[in-house]
Amino acid sequence: EDGGVHTNYLESNNTSPCGYDVLSESQGIMMEYATVKEDKELFDQYLNYVTKNMLLPNSLLGWMVTKKDGAATSNALADDLRIYKALYQANELWGGYDELLGSLGDSILKYNTNKDRLVDCYDSKTEEKSERITLCFLDFNSIKLLTKEAEYNLDLYQQSLQLVSEGYIGDGFPFYYSWYDYANNEFVQDDLNMAEEVHTLLNLARVGELKQETIAWLENSLQEGGIKARYTTAGEVVEDYNYESTAIYAMVAMIGNEIGNKSMVTKAIARMESVRVNDTSIVWNGAFTADEGKDIYSFDQCMALLAYEYVEK
């Protein structure tokens with residue numbers, strides 16, 4: 001009722017984030033959705049929760065809110081950038097968000113940069129900046145807006161784009177390493193969470209930098225066995241992660257929309273729809289879940305909603 005999106009449909013006693021915890025990720029996606037839909041009332045509903053419950057003294061946003069502990073003391077760059085971009089777009093549409101837009105932008109540049117490089121997070125309690133950057137956090141369009149409004153000129157856009165480009169694994173498996181370790185000046189070769197990977201691809205598609213090899217891989221996977229949840233950097237599906245994700249297909253649909261590939265949009269949405277509940281006798285009818293309502297996650301629902309709105313526009 002306060003405008004927050006629960007992480008899960010069911011309350012849970014598992015380790016946070018879970019259950020009725022609220023993430024800045026979900027709030028940002030819904031704020032973006034409201035700007036694409038051009039619905040000011042809806043935008044203000046989600047923003048109201050953010051300003052009342054997530055706003056930290058340094059004007060960054062706590063990445064999670066729990067009933068027990070309130071807002072987390074650290075932020076997540078990806079979420080703050082998304083919310084910044086949504087605020088910017090809302091300000092263009094309706095006006096009235098200048099103050100919050102300015103303070104959030106200034107704080108991202110102050111606290112989420114280290115040696116003029118963007119970092120994942122800042123903890124306002126310990127006053128520590130992380131020494132890494134997760135590649136999917138680098139939303140190039142948001143960064144462009146952020147530096148456009150800055151009082152001093154940081155070439156974070158070009159620097160971020162170059163870093164992601166250097167993280168390309170290779171044409172055999174045309175994806176990107178997950179994150180860069182500033183302390184050791186290297187990309188870390190962890191297994192790839194495909195929700196993060198496809199988010200990186202969406203960021204690239206939005207600035208016209210998505211490789212043809214990657215597009216071909218996505219098209220082939222949509223046609224054949226689908227896109228699984230996690231892969232090794234060699235392109236093998238990781239054991240126990242041979243399942244598909246609503247949110248991944250939602251983002252692939254948005255990629256297809258960005259690059260004008262109608263076939264990709266259609267196939268991605270068809271796969272997404274395959275796990276939509278179609279049973280009017282249950283309260284979660286229409287939701288995306290494959291497990292009797294036990295795993296209705298906000299990320300899947302919000303991303304699907306956003307994909308529909310972009311495609312309709």
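Tutor: A crossing is left-handed if the near helix is turned anticlockwise from the far one by less than a right angle, and right-handed if clockwise. The model is predicted: local features need pLDDT of at least 70, side-chain atom pairs count only at pLDDT 80 or more, and totals for chains, interfaces and linings use all residues. Residues are numbered from 1 along each chain as its sequence is written, and side-chain values use heavy atoms, with hydrogens and water left out.

Student: In which hand does α10 cross α11?

Tutor: The crossing of α10 past α11 is left-handed. Helices are DSSP runs (H or I, at least four residues), numbered from the N terminus.

Student: At what angle do α10 and α11 pack?

Tutor: Angles run from 0 to 180 degrees between N-to-C directions, and axes are lines fitted to C-alpha atoms over the stretch in contact. Here α10 (residues 262-273) and α11 (residues 298-312) pack at about 150°, their axes 12 Å apart. The pair is therefore roughly antiparallel, a term for angles over 145 degrees.

Student: Which residues make the contact?

Tutor: Contact means heavy atoms within 4.5 Å. Helix α10 contributes Val265, Ile269, Met272 and Glu273, and α11 contributes Ala304, Tyr308 and Val311.

Student: How many disulfides does a search of the whole structure find?

Tutor: A disulfide is a pair of cysteine sulfur atoms within 2.5 Å. The search finds zero. For Cys18, the nearest cysteine sulfur, that of Cys302, is 17 Å away.

Definitions and conventions: Helix = DSSP H or I, 4+ residues; strand = E, 2+ residues; numbered from the N terminus. Parallel < 35°, antiparallel > 145°, perpendicular 65-115°, else oblique.
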